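Please look over the sequence and the model shown below before reading on.

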Amino acid sequence: MKKFFQSSAIKITLLLVAVIVVCALYLSYKTYGNWAFALELRGKKLLAFVFVGIAATFSTISFQTMTQNHFLTPNILGLDSLYVFIQTLLFFFLGGQQLLGNETIATFLLNVLLMVSASIMLSRFLLKKGGNDLFLLLMIGIILGTFFNSISTFLQVVMDPNEYDLLQGKLFASFGNVNSQHLLIAGILITLLVGFLWLKSHALDVLHLGNEQATSLGINVPRFQFVLLTVISGLIGLSTALVGPVTFLGFIVANMSYQLMGTYRHRELFLGGSLLSILLLVFGQFLVEQVFQLNTTLSIVIEFGGGVYFVGKIISERKQRR
């Protein structure tokens, strides 16, 4: 019986059943016969959960394989801080009411393009000049993240209080007011990027062995790392521009996937992690709406739970090394 439940196929099947049950519960609970209205309202949120959950899982697992570190997430590149910086600049110089009233697909794609372009240029420059030193890139990413945060904080301090209040609604992850047009575009682009990582999963399996072993097995590691950084930046940029920063989501589901699936095969990790991510997001939103009566937000629950899980994992790893 124990061996039966250790099978990856069984674990993925059980997760899929759990996701279907929770999604059905979320869509149908307390609809009071207004199925069309409930499905239109909750269905849009559900699609956002699916796309953001899959993007966070694929990007984080790939990034941790590339860095050989289960504590790091793509957010260390400073993309979240860059998003906050861009939004603060736009609100400061153009005005919040004008921006919120003209949220077009072009604006959404511009946000994504700025974040991805900055990440690609930084990656290309540092990997080339630094002798493909990936950890130098990560350290510069941390420094730039701090730099962007400092400028953003200064601008927010001198900003008009009304504009600042409107800005706060853009700086925290929100699944409740996702733009349908943005969701469609983001869904298509996320599917394409995720499909690329799925096709490259065997190369990621090899990269998991280490850079030297991957090189000896025929992988051009510097080139592959740059391509991975580009795709990961795209996934993080899309999910952040769609719902806002969700820092700890990828960290939680990636590490839970390693423990649950017990394998290095990335296709199994991608499937298990994506289902886990969707399950956590949908069930978390159900609790926020039906149990906490919207007195808190899903992003706060994720950040709090992720912070606790992060500290717990550090303590656990430290005890294992003693």
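Helices here are DSSP runs of H or I with at least four residues, strands are runs of E with at least two, and both are numbered from the N terminus. Of the 23 residues of α12, 19 are buried, where buried means under 20% relative accessible area, exposed over 50% and partly exposed in between, with a 1.4 Å probe and protein chains only. After α12 comes G244, which has a positive phi near 105°.

This is a predicted model, in which local features need pLDDT of at least 70 and side-chain atom pairs count only at pLDDT 80 or more, while totals for chains, interfaces and linings use all residues. Residues are numbered from 1 along each chain as its sequence is written, and side-chain values use heavy atoms, with hydrogens and water left out.

The protein has 15 helices and zero strands, and 48% of its 322 residues count as buried. Its C-alpha trace spans about 55 × 55 × 40 Å along the principal axes.

Two spaces are compared below. On a 1 Å grid over the protein atoms alone, a cavity is a set of points where a 1.4 Å probe fits but cannot get out, whereas a pocket is an open set with protein on both sides within 12 Å along at least five of seven lines, and lining residues have an atom within 4 Å of a point. Grid points are joined across faces, edges and corners, and a volume is the space filled by probe spheres set on the points. Ala, Val, Leu, Ile, Met, Phe, Trp, Tyr, Cys and Pro count as nonpolar, Asp, Glu, Lys and Arg as charged, and the others, Gly among them, as polar.

| Space | Volume | Lining residues by class |
|---|---|---|
| Largest cavity | about 120 Å³ | seven nonpolar, eight polar, one charged |
| Second largest pocket | about 320 Å³ | seven nonpolar, eight polar, two charged |

The largest cavity, with about 120 Å³ of space, is lined by 16 residues, of which A56, N75, I236, S239 and V246 are the closest to its centre.
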